Amino acid sequence: MNAPLAIDYETIFLHAPVGMCISENRTIQSCNEALAGMFGYPREALVGKSFCLLYPSPDEFIRTGDRIIPIMNAKGRYSDERIMRRANGELFWCHVTGHALKAREPLGPGIWTFEDVSEKRPVTAELTPREREIAALLVEGKTSKVIARQIDLSPRTVEMHRARLMRKFEAATSSELVHKLVGVQL
C-alpha cells in the first residue's frame, strides 16, 4: 500500500489561483504570487508592508479598518467589494474576504483573500474617496440611512454623494446606479 503524499501547504499557498495573504495588524506578513501579480508588485515588495499601500488613499485605508472592526468582532470574518489601487496607480474593484485567527483581535493575525473583479466591474468614473466608499456600500445593498449610520454621516450627506454618483454614472435611478456600479448592462 502506498503511503499518502505529504501535502505541501506552502506551495499551495504560493500558487493558489486567488490572491492570498497572512496579515497582522493590517501588515502583510506573507502573500502569494496571485496577490502580488494582481497589485503589480514583486511578492517580496509587499511582505512587511501595510495594507495602506493597496488602497486609493490613506483615508480610505483608515475608514475601511474602522468599518471592519465591529463586523470582525461580531462574526470573526469580513467580506466586501471595494476599489483598490495597483502599483501603477490604476484603480480596480476587488472582492476582499478576511478571517481573524484570534477571536478577540479583529485586526490581529488573519488570512485574507483578494479577487480582481474589474472585468465584471470596471472603474469608469473619477470618484472621490468618499464616493468610492459609498459606492462600495451601495453595491452591498445598503440604504442611505444604514450607510450614514455606518460611516458616521448624515443621511442627507449620503444622499448628496449618491446624487453625485448618479450624475457621474449617468443613472436615472438608484437601481440603475447600482447596476452600473456592478457592471451590469441595462
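Student: How many cavities of 30 Å³ or more does the structure hold?

Tutor: This is a predicted model, where local features need pLDDT of at least 70, side-chain atom pairs count only at pLDDT 80 or more, and totals for chains, interfaces and linings use all residues. Residues are numbered from 1 along each chain as its sequence is written, and side-chain values use heavy atoms, without hydrogens and water. A cavity is a set of points, on a 1 Å grid over the protein atoms alone, where a 1.4 Å probe fits but cannot get out. With a volume taken as the space filled by probe spheres set on the points, the cavities of 30 Å³ or more number three.

Student: Which element gives the most to the lining of the second largest cavity?

Tutor: This cavity has a volume of about 100 Å³, and lining residues have an atom within 4 Å of a point. The most, four residues, come from H4.

Student: Arg 63 is in that lining; which side chain does a polar contact of 2.5 Å join to that of Arg 63?

Tutor: Arg 63 lies in helix H4 (residues 58-75) and is buried (under 20% relative accessible area, 1.4 Å probe, protein chains only), at 15%. The lining also includes a residue of the polar contact (N or O atoms within 3.5 Å, one able to donate a hydrogen and the other to accept it). That partner is Glu 133.

Notes:
Helices (H or I, at least four residues) and strands (E, at least two) are DSSP runs, numbered from the N terminus. Buried means under 20% relative accessible area, exposed over 50%, partly exposed in between (1.4 Å probe, protein chains only). On a 1 Å grid over the protein atoms alone, a cavity is a set of points where a 1.4 Å probe fits but cannot get out, and a pocket is an open set with protein on both sides within 12 Å along at least five of seven lines; lining residues have an atom within 4 Å of a point.
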